[in-house]
Amino acid sequence: MNETYELEVNGVRYPINAAMDRNLLSVLRTEVGLTGTKEGCDDCECGACMVLIDGQPVNSCSYLAAQAQGREITTVEGVLDGDNLHPLQRNLLEEGGVQCGFCTPGMIMSAQALLTRNPSPTREEIRIGLSGNLCRCTGYQRILAAVERTAAES
Ligand code: FES
Ligand code: FES
């Protein structure tokens, strides 16, 4: 049975009418209509579904949407700088850290959380900060370089 509640996503309040056992990933994609957050494993393994909840990176496939009531949810759509790319997005593109792009939204959310708590991370700290995000295309080095470059620019 559906219940009605509200979620705040990227600073906007959305009314939700959904079953209480729906995960946040599916509610974001199908009820809120923000499809930047991806479903990979649906089992808390790949990080493709990473969003921020009150600034903390969370795998949204393994988090009940109803539990996010009253919290601030940020998705990859929320890190855009107006019509401009976020520096992480631009640097991922320019450093060659994007191939198929499926992991990219989740990488951006984990990197964003890392740079907020540690604006000048070492490469090892970046590696640890992104350790919950799998990429089957790039070999990771270009992604690490993009995050390093973003930190150096800010
Ligand atoms: S889809 Fe959530 S961790 Fe893979
Ligand atoms: S670019 Fe394809 S999974 Fe990372």
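This is a predicted model: local features need pLDDT of at least 70, side-chain atom pairs count only at pLDDT 80 or more; totals for chains, interfaces and linings use all residues.
Residues are numbered from 1 along each chain as its sequence is written, and chains are lettered from A and ligands numbered from 1 in the order in which they are written. Local features need pLDDT of at least 70, side-chain atom pairs count only at pLDDT 80 or more, totals for chains, interfaces and linings use all residues, and side-chain values use heavy atoms, with hydrogens and water left out.

Begin by selecting β1 (2-9) and β2 (12-19), where helices (H or I, at least four residues) and strands (E, at least two) are DSSP runs numbered from the N terminus. These strands pair in the antiparallel sense over eight bridges, pairing being assigned if DSSP finds at least two bridges between two strands. E6 stands opposite P15 in β2, and the two strands form a hairpin with two residues between them.

Next, select N10 in the turn, which has a positive phi of about 50 degrees although it is not a glycine. N10 counts as partly exposed because its relative accessibility is 26%, the classes being buried under 20% relative accessible area, exposed over 50% and partly exposed in between (1.4 Å probe, protein chains only).

Move on to D42, in the loop between α1 (24-32) and β3 (50-53), where phi is near 60 degrees, again a positive value in a residue other than glycine. At 38% relative accessibility, D42 counts as partly exposed.

Now select I108, M109, L130, I143 and V147, which touch the most other members of the largest nonpolar core, a group of 22 residues. A nonpolar core is a set of buried Ala, Val, Leu, Ile, Met, Phe, Trp, Tyr and Cys residues joined through side-chain atoms within 4.5 Å. β3, α2 (87-94), α3 (104-117) and α5 (141-153) each supply at least two residues of this core, and α3 gives the most, with seven residues. Apart from this core lies another, of 18 residues, among them Y5, A18, L28 and V51.

Returning to V147, and leaving aside its neighbours within four places in sequence, show its contacts (heavy atoms within 4.5 Å) with L88, A111, L115, I126 and L130.

Finally, select F102, C103, L134, C135 and R136, which lie nearest the centre of the largest pocket among its 15 lining residues.

Conventions
On a 1 Å grid over the protein atoms alone, a cavity is a set of points where a 1.4 Å probe fits but cannot get out, and a pocket is an open set with protein on both sides within 12 Å along at least five of seven lines; lining residues have an atom within 4 Å of a point.
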